[in-house]
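Here is a short briefing on one protein chain. Keep the structure open while reading.

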Amino acid sequence: MFKKRKATYCGFLMPLITTIVIILILILNTQKNIQENIIITNDEVNPKTELRFISSWGGVDPYSDTLSFVLNKFQEENKNIIIVNESLFGDEFLIKLQTDFASGNAPDVFGLFPGSVRDILIKSGKVAELTGLLKSDEKWYEGFYPNMWKYVTWNGKIYGLPFETIVECLFVNKDIFEKYNLKMPENFAQLKDVCKKLRSYGIVPIAFNAQPEGTYIYQNLIVAIGTKQEVESPLKDHKISQPYIKALDYLKELYKIGAFPDNYYTLTSKQRNDLFLSKKAAMIVQGSWFIPKCDPRTVDIYFFPRVKMNGKKQLIYGLGGGTFYMSTSCWKDAKKRSLAVKLLKYLTSEKTARIFVERTGLIPNIKITNPPKITNPLRAKAEGLIKDADVLISPPDHFIDRTIWDEVVTKNIPYVLNGRILPEQLWKNAVLAWEENIKKLGE
């Protein structure tokens with residue numbers, strides 16, 4: 001009797017338990033769906049916005065790590081923004097930047113040194129004008145040193161934010177000079193003499209390559225020869241100014257005495273830099289951005305040797321790749337514009353300038369209250385060169401169509417050095433191609 005009742009009871013209980021379990025599962029699934037819908041709805045209300053950024057501060061560039069650090073800090077403080085950093089080192093940067101703009105895939109914010117590429121982008125309406133934005137925020141505008149606004153102004157309107165000041169000069173491995181009891185060259189004749197002695201000791205005198213960055217020595221020769229007017233306004237009556245031609249003759253003189261690596265025409269920009277940094281080359285012509293790569297205990301910097309015995313101390317000086325812009329396509333997107341403005345203000349803030357100065361020795365065009373103490377003597381000396389210079393001149397490649405500089409001038413320098421092309425012919429070809437580009441842009 002008891003067993004029968006127990007069986008009856010169990011037969012009744014099991015379906016009931018099954019029903020309760022099914023109901024609980026349905027309730028839990030319903031709650032899960034509601035929660036998922038809430039999450040999806042919230043993501044749709046506050047989605048993260050991507051901002052594409054590109055500059056030449058990528059890869060092995062001395063500023064690359066600090067840029068990444070700053071962009072990461074910006075993201076931490078702005079949870080709704082994702083920065084896609086597409087920065088590249090060296091000559092590849094300009095290729096990608098121009099390709100992106102040409103293909104309609106413009107970056108939102110980008111860093112670019114002054115020059116023909118920047119000017120063409122402004123002329124074609126692809127760079128946002130920032131005059132009103134800057135003037136409406138007096139604190140931001142006044143935070144820049146005013147002498148650099150002229151380099152980012154086009155037809156009276158401001159397009160760029162001048163964050164980084166640069167100089168170019170002669171970097172010397174002073175330990176090599178001390179080992180062989182060599183004096184620092186102050187003029188071209190002394191430079192040739194030092195190069196001959198270094199070559200006799202089996203040392204590469206000057207790290208040089210046939211890439212756009214390798215032309216820094218050629219550009220310094222141009223500046224050492226010409227006046228500010230001749231360098232910064234090079235094209236007149238369908239001809240290039242004489243310093244651009246004469247400088248190739250001086251470059252050829254250095255080549256003939258073995259001043260450059262035997263395989264200079266195959267070297268990448270990194271390999272050229274490494275020749276100097278590894279003490280296989282005694283000298284290199286570089287910019288202030290190269291300072292973080294150098295050991296101040298064994299490296300020193302100087303004015304590039306004068307071509308004339310009593311010539312003026314002329315220094316290449318201007319803005320570098322840390323000059324920031326917003327694309328017009330980003331400006332037209334109201335949401336992206338406000339976020340891009342926030343990024344630009346962060347990149348050019350006193351806080352960011354201090355970070356770059358402390359970590360890299362960058363020369364900022366931003367006013368810093370109680371500036372950090374400069375511990376790197378090379379960085380301090382770079383500022384000293386600016387103060388001691390008789391004439392400050394912008395880099396020559398800022399005044400030549402960049403495509404022509406890269407594809408016609410730079411690529412043909414080896415043929416000038418080995419005598420297959422005369423300097424006059426190189427520049428005749430370059431000017432013809434340049435004017436053809438000007439004509440196409442005007443059509």
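Which residue lies over the face of Trp331? Arg337 does, at 4.6 Å from the ring centre. The model is predicted. Its protein chain has 18 helices and 16 strands.

**Overall build**
- The protein chain counts 443 residues, and buried residues make up 50% of them.
- Take the contacts between residues at least 6 apart in sequence: 76% of these join residues at least 24 apart.

**Charges over rings**
- Arg337 sits over the face of Trp331, as stated above.
- Lys381 lies over the face of Tyr302, and the distance from the ring centre is 4.1 Å.

**Helix 2 against helix 15**
- Helix 2 spans residues 64-77 and helix 15 spans residues 350-360.
- Their axes come within 10 Å and cross at roughly 150 degrees.
- The crossing of helix 2 and helix 15 is right-handed.
- Helix 2 makes the contact with Asp65, Thr66, Leu67, Phe69, Val70 and Glu77.
- Helix 15 contributes Lys351, Thr352, Ile355, Phe356, Arg359 and Thr360.
- By class, the residues of this contact divide into 5 nonpolar, 3 polar and 4 charged.

**Aromatic pairs**
- A pair of aromatic rings is described by the distance of the centres and the angle of the planes.
- The count comes to 25 aromatic pairs, with ring centres within 6.5 Å as the cut-off.
- Tyr63 and Phe356 have ring centres 6.1 Å apart and planes at 85 degrees. Planes over 60 degrees apart count as edge-to-face, so this pair is edge-to-face.
- Tyr63 lies in the loop between strand 1 (49-54) and helix 2, while Phe356 lies in helix 15. The pair therefore ties together parts that are 293 residues apart in sequence.
- Both Tyr63 and Phe356 are buried.
- Phe208 and Phe260 form a tilted pair, at 4.4 Å centre to centre with 35 degrees between the planes.
- Phe208 is in the loop between strand 8 (204-207) and helix 9 (216-225). Phe260 is in the loop between helix 11 (242-256) and helix 12 (269-277). The pair Phe208 and Phe260 thus ties together parts that are 52 residues apart in sequence.
- Are Phe208 and Phe260 buried or exposed? Phe208 has a relative accessible area of 2%, so Phe208 is buried. Phe260 has 3% relative accessibility and also counts as buried.
- Ring pairs link a cluster of Phe53, Trp57, Tyr63, Phe163, Phe324 and Phe356.

**A buried threonine**
- Thr410 belongs to helix 17 (residues 402-417).
- Its relative accessibility is 1%, so Thr410 counts as buried.
- Which residues are in contact with Thr410, leaving aside its neighbours within four places in sequence? They are Ala210, Gln211, Pro212, Thr215 and Trp405.

**Positive phi outside glycine**
- Asn155 has a phi near 50 degrees, a positive value in a residue other than glycine.
- Asn155 is placed in the loop between strand 4 (153-154) and strand 5 (157-158). With a relative accessible area of 69%, Asn155 is exposed.
- His238 has a phi near 65 degrees, also a positive value in a residue other than glycine.
- The loop between strand 9 (235-236) and strand 10 (239-240) holds His238. At 59% relative accessibility, His238 counts as exposed.

Terms used: Residues are numbered from 1 along each chain as its sequence is written. This is a predicted model: local features need pLDDT of at least 70, side-chain atom pairs count only at pLDDT 80 or more; totals for chains, interfaces and linings use all residues. Side-chain values use heavy atoms; hydrogens and water are left out. Axes are lines fitted to C-alpha atoms, for helices over the stretch in contact, and angles run from 0 to 180 degrees between N-to-C directions. Helices (H or I, at least four residues) and strands (E, at least two) are DSSP runs, numbered from the N terminus. A crossing is left-handed if the near helix is turned anticlockwise from the far one by less than a right angle, and right-handed if clockwise. Contact means heavy atoms within 4.5 Å. Ala, Val, Leu, Ile, Met, Phe, Trp, Tyr, Cys and Pro count as nonpolar, Asp, Glu, Lys and Arg as charged, and the others, Gly among them, as polar. Rings of Phe, Tyr and Trp (its six-membered ring) pair if their centres lie within 6.5 Å; planes under 30 degrees apart count as stacked, over 60 as edge-to-face and the rest as tilted. Buried means under 20% relative accessible area, exposed over 50%, partly exposed in between (1.4 Å probe, protein chains only). A charge sits over a ring if NZ of Lys or CZ of Arg is within 6 Å of the ring centre and within 35 degrees of the ring normal.
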